[in-house]
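Here is a short briefing to read alongside the structure. Keep the viewer open, and follow the residues as they come up.

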Amino acid sequence: MNAPSKLRLGSLTALVVGSMVGGGIFSLPQNTAAGAGMGATVLAWCITGLGMLALALVFVNLTLRQPQLDSGVYAYARAGFGPFVGFSSAWGYWFMAVLGNVGYYVLLFSTLGHYLPVFGDGNTPVAVASASVMLWGMHFLVLRGIREAAFINQVTTVAKLVPLALFVLLVGLAFRTDVFTQDMWGHANPALGSVTDQVRSMMLVTVWVFIGVEGASVCSARAERRVDVGRATLLGFLFTLALMVSVSLFSLGVMTQPELAVLKNPSMAHVLAHVIGPTGAALISLGLLISLSGALLSWLMLSSETLYMAARDGAAPAWLAQANARGAPTKAMWLTSGCVQTFL
C-alpha cells in the first residue's frame with residue numbers, strides 16, 4: 001500500500017472551521033435572541049469563549065505532550081480512563097456524527113425546498129433520493145484519498161466564508177447603537193426570566209456551535225507536521241469564535257431581540273433581507289447550501305477516521321482498520337455511509 005498523503009496546516013485548519021461552521025451559525029441570530037437579551041448574550045459569549053478556549057488549549061497541549069496519541073478524543077479517553085471508556089468514546093462520537101450528517105442532509109434539502117417545493121421540508125421522496133446521491137458522491141470522493149477530500153473541504157470552507165463575511169460587513173455597516181442597547185437585560189420580556197436564566201439558555205446554543213473544534217486532533221495521524229495540529233485547532237477556534245460573536249451581536253444591532261426571536265430559520269437570511277432586501281436572503285441561502293456541503297464532507301471524514309483509528313487500536317472490530325492504496329479507511333467509510341443512508 002502506498003503511504004497516504006499528509007495534511008498541512010491549511011487543510012487541518014479548514015477541517016476545524018468546516019466542521020464547526022455548518023448549519024448552526026445560519027440560525028444563530030434567532031437561536032440566541034429566543035432566550036436572552038443583549039446583556040446576557042454578551043456574558044454568555046464571554047463565558048463560552050473562555051471555556052472553549054481552555055478546551056482548545058487542552059487539545060494543543062495534548063498534541064505536543066502526547067504525540068503518540070494520534071486519534072483525537074477517542075485516544076485521549078482511552079489513555080486516561082482505560083479501554084472501555086475509549087470504546088464508548090469512539091462509538092459514541094461516531095454515532096453522533098452519523099446522526100448529525102442525517103440532520104445536515106435534511107436541513108440542506110429543506111433550504112432548497114424554500115425555492116423548489118418538490119424538496120418540501122427535506123423529507124420528500126425526491127429530497128431523500130437527492131440526499132442519497134449526494135451522500136454516495138461524497139463517499140467515493142473520500143475513498144479517492146483523504147488529502148484530496150481535505151482539499152475539496154478547504155475549497156468549500158473558503159467558499160462558504162464569503163457570504164458569511166459579507167453578512168458581517170453589511171450588517172456591521174447597518175449597525176445602530178440605539179437598537180443594540182434597547183432593553184439590554186430583557187426586562188421588558190418577563191418570559192426570558194432572570195439574567196442567570198438568560199445566560200443559561202444562551203449557553204445551550206453557544207456551546208453546541210463549537211462541536212467540531214476537535215477536528216484537527218481527530219485527524220492528527222494524517223498531519224504532515226505534528227505541531228500543525230495544535231496550531232490548526234487554535235487558529236480554527238479563534239476565527240470561528242470571532243465570526244460567530246460578530247453574527248450574533250451585529251444582528252442585535254439591526255433588529256431588536258423580540259424581532260429576532262420570532263424569525264424563521266435560517267434567521268441570518270431574514271436579518272440580511274432586513275438590511276439589503278430579498279437579495280440578502282438569497283445570498284445567505286446559497287451560503288447555507290455551500291456550508292452544509294462542506295460540513296457533510298468534514299463530518300464524513302471525521303466519523304470514518306474515528307472508527308478506523310479505534311479499530312487500529314483494538315477498540316472496534318479489526319476489519320474496520322482496512323484502508324485502500326490512497327490511505328482512505330474503506331470499511332469504516334462503507335459502514336458510516338451505510339448507516340447514514342439507513343437513517344435517511
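A salt bridge here is a side-chain nitrogen of Lys or Arg within 4 Å of a carboxyl oxygen of Asp or Glu. By that rule, the side chains of Arg 231 and Asp 228 meet in a salt bridge, at 3.8 Å from N to O. Please keep in mind that this is a predicted model. The points below start with the charged pairs and then turn to the helices, the core and the surface.

**Salt bridges**

- The count of salt bridges comes to 7.
- Arg 231 and Asp 228 are 3 residues apart in helix α11, which means that about one helical turn separates them.
- How exposed or buried are these two partners? Arg 231 is partly exposed, with a relative accessible area of 41%, whereas Asp 228 is buried at 3%.
- Arg 225 joins them, as Arg 225, Asp 228 and Arg 231 are linked in a network of salt bridges.
- Another salt bridge pairs Arg 200 with Asp 197, and their closest N and O atoms are 2.9 Å apart.
- Arg 200 and Asp 197 sit in helix α9 (residues 195-208), where a spacing of 3 residues puts about one helical turn between them. Asp 197 is partly exposed, with a relative accessible area of 35%.
- As background, an α-helix has 3.6 residues a turn, so residues three or four places apart point the same way.
- Asp 313 and Arg 312 also form a salt bridge, with 3.6 Å from N to O. Asp 313 is partly exposed at 30% relative accessible area, and Arg 312 is partly exposed at 40%.

**Helix α1 and what covers it**

- Helix α1 spans residues 9-20; at 1.5 Å a residue, its 12 residues should span 16 Å, and the 17 Å between its end C-alpha atoms agrees with that.
- Of the 12 residues in α1, 10 are buried, so the helix is mostly covered.
- The buried residues include Leu 12, Leu 15, Val 16 and Met 20.
- Among the elements covering these buried residues are α5 (83-113), α7 (146-173), α11 (226-251) and α14 (278-312).

- Met 301 is part of helix α14, and a relative accessibility of 1% is why Met 301 counts as buried.
- Which residues does Met 301 touch, leaving aside those up to four places away in sequence? They are Leu 15, Val 142, Ile 146, Ala 149 and Ala 150.
- Met 301 and Val 142 lie 159 residues apart in sequence, yet their C-alpha atoms are 7.2 Å apart in space.
- Ser 217 belongs to helix α10 and is buried, with a relative accessible area of 0%.
- Beyond residues up to four places away in sequence, Ser 217 has contacts that include Phe 59, Asp 70, Tyr 76 and Thr 233.

**The nonpolar core**

- The largest nonpolar core has 100 residues, and Ile 25, Trp 45, Phe 167 and Phe 210 have the most contacts inside it. Helix α14 supplies the largest share of this core, 16 residues.
- Not counting residues up to four places away in sequence, Phe 210 touches Met 20, Trp 45, Thr 48, Met 52, Phe 237, Leu 241 and Met 244.

- Phe 81, Phe 84, Val 85 and Phe 87 make a nonpolar surface patch of about 460 Å².
- Helix α5 gives the largest share of the patch, 3 residues.
- Phe 81 lies in helix α4 (residues 73-81), and Phe 81 counts as exposed because its relative accessibility is 67%.

Conventions: Residues numbered from 1 in each chain as written. Predicted model: local features only at pLDDT ≥ 70, side-chain atom pairs only at ≥ 80, totals over all residues. Heavy atoms only, no water. Helix = DSSP H or I, 4+ residues; strand = E, 2+ residues; numbered from the N terminus. Expected span 1.5 Å × (residues − 1). Buried < 20%, exposed > 50% of the residue type's maximum accessible area, 1.4 Å probe, protein only. Contact = heavy atoms within 4.5 Å. Patch = residues over 30% accessible without salt bridge, like charges linked within 9 Å, V, L, I, M, F, W, Y side chains within 5 Å. Areas by Shrake-Rupley, 256 points an atom, 1.4 Å probe, with all protein chains shown as cover. Core = buried A, V, L, I, M, F, W, Y, C linked by side-chain atoms within 4.5 Å.
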